[in-house]
Amino acid sequence: MLLKSAFVALGAATLAAAVTPIEVQGKQFVNTKTGNAFQIVGMAYQIGGSAGYDPSHGKDPLSNGDICKRDAALMQTLGVNSIRVYNLDPNLNHDECASIFNAAGMYMIIDVNSPLAGESLNSGAPWESYYAAYLNRTFAIVEAFKSYPNTLAFFSGNEVIDSVKTGATVPPYVRAVTRDLKNYIKNHADRAIPVGYSAADVRDVLEDSWNYFQCAIDGDENDMSRADLFALNSYSWCGESTFEESGYNQLVALFKDTSVPVFYSEYGCNTPSPRVFTEVETIYSDKMMGTFAGGVVYEYAQEKNNYGLAECNDDDTVNLLADFRTLQNQYTKVDFSTVQSVKATTDKVTPPECKASLIKEEGFSNNFTLPAVPPGAQKIIDEGVSPKPSGKIIDISDYTVKHAVKDVDGKTLSDLAVKPLSNDEVNSPGSTGSGTSSSGTTDSSGNAAPTLAPQGLSAAVMIIPAIVALSFTAGFTMI
């Protein structure tokens with residue numbers, strides 16, 4: 001299957017219409033323009049893995065407009081409507097990349113932490129890393145991205161609770177970071193941007209993590225420490241599995257009474273490899289859509305752990321891999337027009353009150369007394385970070401991709417460009433195309449054999465992403 005043709009007029013500057021900001025209403029993401037529940041069709045996007053975030057050289061995944069055009073064009077033809085970006089430098093300018101993804105009809109889910117020292121909580125001793133300078137950086141990420149209409153949400157933590165041991169001490173600190181971020185957004189943003197947690201699918205602590213973060217302290221629904229959303233990185237559906245065999249049915253049963261939106265912040269087991277992505281039809285089916293709000297495929301760029309859809313080469317050329325075509329084919333089996341046309345429920349959702357009886361696993365924290373705001377941090381929450389990053393949607397004069405891209409068959413794509421969408425339009429599988437294949441030398445585009453594979457529901461059921469590996473070698477865990 002060849003990528004479809006889409007031509008973009010060149011020359012005149014184009015200020016693309018903004019996507020409609022998404023809001024959280026009860027247990028759903030809601031498109032406020034249409035009143036429909038929003039399903040995430042997402043992609044993990046961290047070009048270069050951990051090396052793609054390099055503050056010393058002014059580099060992060062959203063700092064190079066030409067690279068963003070290349071990747072947005074490819075993800076647009078795939079049908080992606082959201083990207084998740086893990087490690088970002090608040091001191092860099094992200095206007096061009098944010099504007100490109102906005103024009104392509106894609107939202108951004110932003111992690112506020114990084115694996116570098118002082119830029120995340122220490123999961124072994126979180127009290128040692130929860131201080132004003134750390135919070136200042138997380139607030140700076142908020143400042144850098146709060147003004148983009150396509151910023152969907154912030155993650156205050158990623159897989160920082162991965163066992164009962166870390167569950168004993170970490171939860172109050174993650175909840176405190178969530179509180180501080182939400183208070184900062186309330187004081188300095190012109191809209192409420194959701195803040196939540198991305199969990200490891202470790203069944204020993206998954207339910208307790210969800211309950212700990214979704215509950216309301218003293219029954220206060222406006223409790224600022226309460227997460228606005230809960231997500232999980234799950235790799236339990238492998239190969240030609242089913243709703244029952246994968247344990248997806250267990251997850252739906254677990255989260256059916258959630259008071260916040262729940263979605264997969266990573267999915268896509270790579271055993272077998274190349275992948276088959278048969279979970280896609282189930283994720284966007286009646287079996288799951290009443291409980292889950294879609295998911296984020298891990299991941300766009302190929303790394304050593306072999307989860308990529310595209311080989312992004314050192315010379316900025318790209319070779320699409322077999323997984324790209326397979327995922328694209330699986331998306332075509334879903335009627336996304338119907339998926340995204342479900343009216344949001346008007347039912348009132350009341351969060352559970354935080355109390356010890358919510359916690360099931362012995363040893364997991366049932367203490368809802370949170371750490372006080374660290375010395376010096378309240379002033380930053382009140383007055384804002386200084387110097388203050390800023391972001392805005394800008395004119396893009398040319399959406400043409402400048403780097404060579406070969407399709408899955410090894411043929412070079414021509415006329416590849418981002419197609420700016422009309423006002424309030426969100427990208428969807430099958431709605432756009434971004435290039436045609438021209439003749440060229442055919443080379444191999446299959447995915448290599450898997451290097452890391454989940455071993456079943458009794459295990460942690462997660463893969464350690466390449467960008468997180470640095471955090472373990474450095475002796476701390478990224479949240």
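**Strand pairing, burial and side-chain pairs in a predicted model**

A200 stands opposite N233 in strand 9. The model is a predicted one, in which local features need pLDDT of at least 70 and side-chain atom pairs count only at pLDDT 80 or more, while totals for chains, interfaces and linings use all residues. Residues are numbered from 1 along each chain as its sequence is written, and side-chain values use heavy atoms, with hydrogens and water left out.

Strand 8 (residues 195-200) runs parallel to strand 9, and five bridges join the two. Strands are paired here if DSSP finds at least two bridges between them. Helices (H or I, at least four residues) and strands (E, at least two) are DSSP runs, numbered from the N terminus. Strand 9 also pairs with strand 10 in the parallel sense, again over five bridges, and A231 stands opposite F263 in strand 10. Six of the six residues of strand 9 are buried, where buried means under 20% relative accessible area, exposed means over 50%, and partly exposed lies in between (1.4 Å probe, protein chains only). In a regular strand the side chains alternate between the two faces of the sheet. From strand 9, L229, A231 and N233 point one way and F230, L232 and S234 the other way, and all are buried. Strand 10 (residues 262-267) is largely enclosed by the rest of the structure, because six of its six residues are buried.

An open sheet of three strands has the order 1-2-3 with antiparallel pairing. Its edge strands are strand 1 (22-25) and strand 3 (36-37), each of which pairs on one side only. Strand 1 and strand 2 (residues 28-31) run antiparallel and are joined by four bridges. E23 stands opposite V30 in strand 2.

Over the chain, the secondary structure comes to 13 helices and 16 strands. Of the 479 residues, 61% are buried. Contact is taken as heavy atoms within 4.5 Å. Among contacts between residues at least 6 apart in sequence, 82% join residues at least 24 apart. The chain exposes about 17200 Å², of which carbon and sulfur atoms supply 49%; accessible areas come from the Shrake-Rupley method with a 1.4 Å probe, and for residues only the protein chains shown count as cover.

Aromatic pairs number 25. Rings of Phe, Tyr and Trp (its six-membered ring) pair if their centres lie within 6.5 Å; planes under 30 degrees apart count as stacked, over 60 as edge-to-face and the rest as tilted. One of the pairs is formed by Y212 and F364, edge-to-face, at 6.5 Å centre to centre and with 65° between the planes. This pair links distant parts of the chain, with Y212 in helix 6 (residues 203-214) and F364 in the loop between helix 11 (336-339) and helix 12 (377-383), 152 residues apart. Y212 counts as buried at 0% relative accessibility, and F364 is buried with a relative accessible area of 4%. Y235 and Y307 also form an edge-to-face pair, 5.6 Å centre to centre with 70° between the planes. Y235 lies in the loop between strand 9 (229-234) and helix 7 (248-255), and Y307 in the loop between strand 11 (292-297) and strand 12 (310-312), 72 residues apart. Both Y235 and Y307 are buried.

Helix 6 also holds D208. Leaving aside its neighbours within four places in sequence, D208 is in contact with L358, I359, K360, E361 and F364. D208 is buried yet has no salt bridge, and K360, the nearest side chain of opposite charge, is 6.3 Å away. For charge, Lys and Arg count as positive and Asp and Glu as negative, whereas His and the chain ends are not counted. A salt bridge is a side-chain nitrogen of Lys or Arg within 4 Å of a carboxyl oxygen of Asp or Glu.

By this rule there are 18 salt bridges. In one of them the side chains of D111 and R84 meet at 2.9 Å, N to O. D111 lies in strand 6 (residues 107-111) and R84 in strand 5 (residues 82-85), so the pair ties together parts that are 27 residues apart in sequence. D111 is buried, with a relative accessible area of 1%, as is R84, at 0%. R203 and D201 form a salt bridge at 2.5 Å, N to O; R203 is partly exposed at 24% relative accessibility, whereas D201 is buried at 0%.
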